[in-house]
Amino acid sequence: MDGSDEALEDAVLDVSGESAGETGLDSSSPFFVSKKAAAVLKHGILKQYVVPFASKVGRYAPDGRVVYLDGYAGPGRYEDGTPGSPALILDEAARIADFRRLDCYFVEKQRKSYGSLATLVGEAQRKGVSAHALKGKVEIHLEQVLERAKGAPLFAFLDPFGLGVSYDALTNQIFGSRRGSTGRHATEILLNFNANAVRRIGGYLNSSKDFPGKNATLEAMDAACGGPWWRDEFRNSADNVEAVRRITNEFAKRVGKAVGASSWQIAVRNRAHHQVAYYLLYFTRHLDGAWLFGEAVSLAQVEWRRALLPPPENGMLFSAADTFDEEEQQREKEWVVAIRRNIQKLQRDIGSFKIDDHLPQVMSGVLGEARQKHIRAAVKELYREGKTGCNGVGDVRKLRITGA
Ligand SMILES: C[S@@+](CC[C@H](N)C(=O)[O-])C[C@H]1O[C@@H](n2cnc3c(N)ncnc32)[C@H](O)[C@@H]1O
């Protein structure tokens, strides 16, 4: 799979999420007091994905060492004790320590947040986890972390409140310094591309008012996007929704093309009916990564839907939680129906094919929703009905769909 894999690049996993605001908040900010239901999605993806990634690519790495960078780490935990991304990953690193060394680098620029982070990292170090808390801007520490990551797979989680590292840092510095697509050279990024920042900064273009910092902010957006191209996209859009959509698409496409990676976009909202707060953009150079990531997103979404359930009301005979499992089952049935349809279309269009070669087509419409088990269920149904000779047993990716 490479950057030309249009269907996969264009896949938009449209799910709800949190709004982080845009400025550099420290650990005293309300954002870090308690975890919003929507952060369940972001953290769910991390939790579901980092270990499978490390397990897979760490096999080819010297000493099974895999480097994890959290460039915008925050304090590590919310004030109520719920794990933020650092606490979550440190737990995972401890869990897999027997067979993988997850070498973790956490960067945080705010003094107070860094203090909490350093305490957490210190505790993990004492338990034998390989972890480092770095104080200051990620831009300053990036070179050093990349140096340490030489010869090892790297997963970078970049989760700023507003604009993140520059396009140049992303493409030339991170991906560009690391050749090869698999094993010890594997390089993947999960990036928070902030829609609020796009709307706010794009708004400057239509404002005739001059104010201090206006040009600097517009130039910072140019640097984040890899040029002023986004300005025309913004001006040529009918509204903010279209502008954010176009700029995110184009950004993902440009990064993917520049580094030979495919990308997935997950639209993150406060609530299903809210505007997008940010996109989680995932970049990988390997098809295995895309499959694993799809599983992680699907599982994280189940957690997220559960987290959004309203609290039970006093005196109510039934709560939403009572019907949750039934609704999930219904969803799964619908995914299987969609996958069946996709498989049958492929049978008509190209005849016999291997699932692995057609991930975007097989999962069309349910990408990031459904998982491999739903593909298997669809194949088994078709087999039972005599519509394929493939019985659906074995590694799903290796299944070869034949005619009846
Ligand atoms: C959205 S929060 C991170 C939340 C954390 N990733 C989590 O999921 O628990 C962004 C953090 O990045 C920090 N930050 C902002 N700019 C930074 C920079 N240039 N380098 C490092 N940290 C930065 C902020 O202080 C803030 O704590």
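Arginine 100 is buried, with a relative accessible area of 12%, where buried means under 20% relative accessible area, exposed means over 50% and partly exposed lies in between (1.4 Å probe, protein chains only). The structure is a predicted model, in which local features need pLDDT of at least 70 and side-chain atom pairs count only at pLDDT 80 or more, while totals for chains, interfaces and linings use all residues. Residues are numbered from 1 along each chain as its sequence is written, and side-chain values use heavy atoms, with hydrogens and water left out.

Arginine 100 is placed in the loop between helix H3 (85–95) and strand S3. Helices (H or I, at least four residues) and strands (E, at least two) are DSSP runs, numbered from the N terminus. The C-alpha atom of arginine 100 is separated by 7.1 Å from that of alanine 54, and the two residues are 46 residues apart along the chain. Strand S3 itself covers residues 101–108 and is mostly covered, with seven of its eight residues buried. S3 pairs with S2 in the parallel sense, over six bridges; two strands are said to pair if DSSP finds at least two bridges between them. Within this pairing, phenylalanine 106 in S3 is the bridge partner of aspartate 70.

Aspartate 63 is found in the loop between H2 and strand S2 (65–70). At 72% relative accessibility, aspartate 63 counts as exposed. The phi angle of aspartate 63 is near 60°, which is a positive value in a residue other than glycine.

Histidine 43 places a polar side-chain atom 2.8 Å from an oxygen atom of the ligand. In valine 138, a backbone N or O atom lies 2.9 Å from a nitrogen atom of the ligand. Glutamate 139 has a polar side-chain atom 3.2 Å from a nitrogen atom of the ligand. The ligand taken alone exposes 600 Å², and the protein buries 96% of that; accessible areas come from the Shrake-Rupley method with a 1.4 Å probe, and for residues only the protein chains shown count as cover.

Aspartate 159 is buried, with a relative accessible area of 13%. Asparagine 194 is 35 residues from aspartate 159 in sequence and 9.1 Å from it in space, C-alpha to C-alpha. Helix H6 (residues 167–175) holds glutamine 173, which is partly exposed at a relative accessible area of 24%.

Arginine 245 is placed in helix H10 (residues 240–259) and is partly exposed, with a relative accessible area of 23%. From C-alpha to C-alpha, arginine 245 and alanine 195 are 8.8 Å apart in space and 50 residues apart in sequence.

Strand S7 (residues 262–269) has eight of its eight residues buried, so it is largely enclosed by the rest of the structure. In a regular strand the side chains alternate between the two faces of the sheet. Ser262, Trp264, Ile266 and Val268 point one way from S7, whereas Ser263, Gln265, Ala267 and Arg269 point the other way. S7 and strand S8 (residues 276–284) run antiparallel and are joined by eight bridges. Tyrosine 278 in S8 stands opposite valine 268.

Notes
A polar contact is a pair of N or O atoms within 3.5 Å; within protein, one must be able to donate a hydrogen and the other to accept it, and residues adjacent in sequence count only if both atoms are side-chain atoms.
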